[in-house]
Amino acid sequence: MNMVNTVKERVSNYFQSFAEMLHLNLKRVFYGIILILSLVPLAYALFLMLNAAKEGLSVMGVMQQRPTIAILSIVAGLDVMSGYSLWMARKRVLSNRRLYQLVLVSVLVTQLLVSNFLVAGAALVGLLFSRQIGATKPLAHKSSVAVPISLLSLGYVFCTVMMVTVMTR
């Protein structure tokens, strides 16, 4: 058991020194997740347009030929909506530890479903910073955040099921 504690301390010290080196804190990680969720889909859309122009097709034509690209486009749209939802709820999320943890766990799980390891890793790092939010009282209007999380999660599950269906055909 002593060896486990030693390993935990070393990993914790390594993470703390890495976070200090990058000047990371709770807000920077959270806003970084929002930024990634909002801007990466725009880069994907530009890539899709360039790919369509290279093949001499429209974007819709490329999506009709390759269903996986259509599914990834839906995921990109969901990412933008997730980023926007996080941005709109940022004050509530950053002021309540339980809500912050709930939101980041849902981001972590949904992004792992669609193999977006960049955002999943950022969410995991964000969870490590959750102790920076002090003890908070229970949130009064949980549904204002829980409903968008649930709907977006259903969208990501749908995309995962569709991707598995397309890939196994």
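## Model and confidence

This is a predicted model, in which local features need pLDDT of at least 70, side-chain atom pairs count only at pLDDT 80 or more, and totals for chains, interfaces and linings use all residues. Residues are numbered from 1 along each chain as its sequence is written, and side-chain values use heavy atoms, without hydrogens and water.

The chain averages a pLDDT of 87 (the predictor's confidence in each residue, from 0 to 100). Of the residues, 86% score at least 70. Among the elements, helix α4 (residues 67-88) has the highest mean, 94. Helix α1 (residues 2-21) has the lowest, 67. Helices are DSSP runs of H or I, at least four residues, numbered from the N terminus.

## The nonpolar patch

Val105, Val109, Leu113, Val157 and Val161 form a nonpolar patch on the surface. Together they have about 370 Å² of accessible area (Shrake-Rupley method, 1.4 Å probe, only the protein chains shown counting as cover). Patch residues have over 30% relative accessible area and no salt bridge, with nonpolar side chains joined within 5 Å and like charges within 9 Å. A salt bridge is a Lys or Arg side-chain nitrogen within 4 Å of an Asp or Glu carboxyl oxygen.

Helices α6 (97-113) and α8 (143-168) each give two or more residues. α6 gives the most, with three.

Leu113 lies in α6. Its relative accessibility is 35%, so Leu113 counts as partly exposed (between buried, under 20%, and exposed, over 50%; 1.4 Å probe, protein chains only).

Gln111 also lies in α6. Gln111 is buried, at 1% relative accessible area. Leaving aside neighbours within four places in sequence, Gln111 contacts Leu37, Asp79, Asn116, Val119, Ala120 and Tyr156 (heavy atoms within 4.5 Å).
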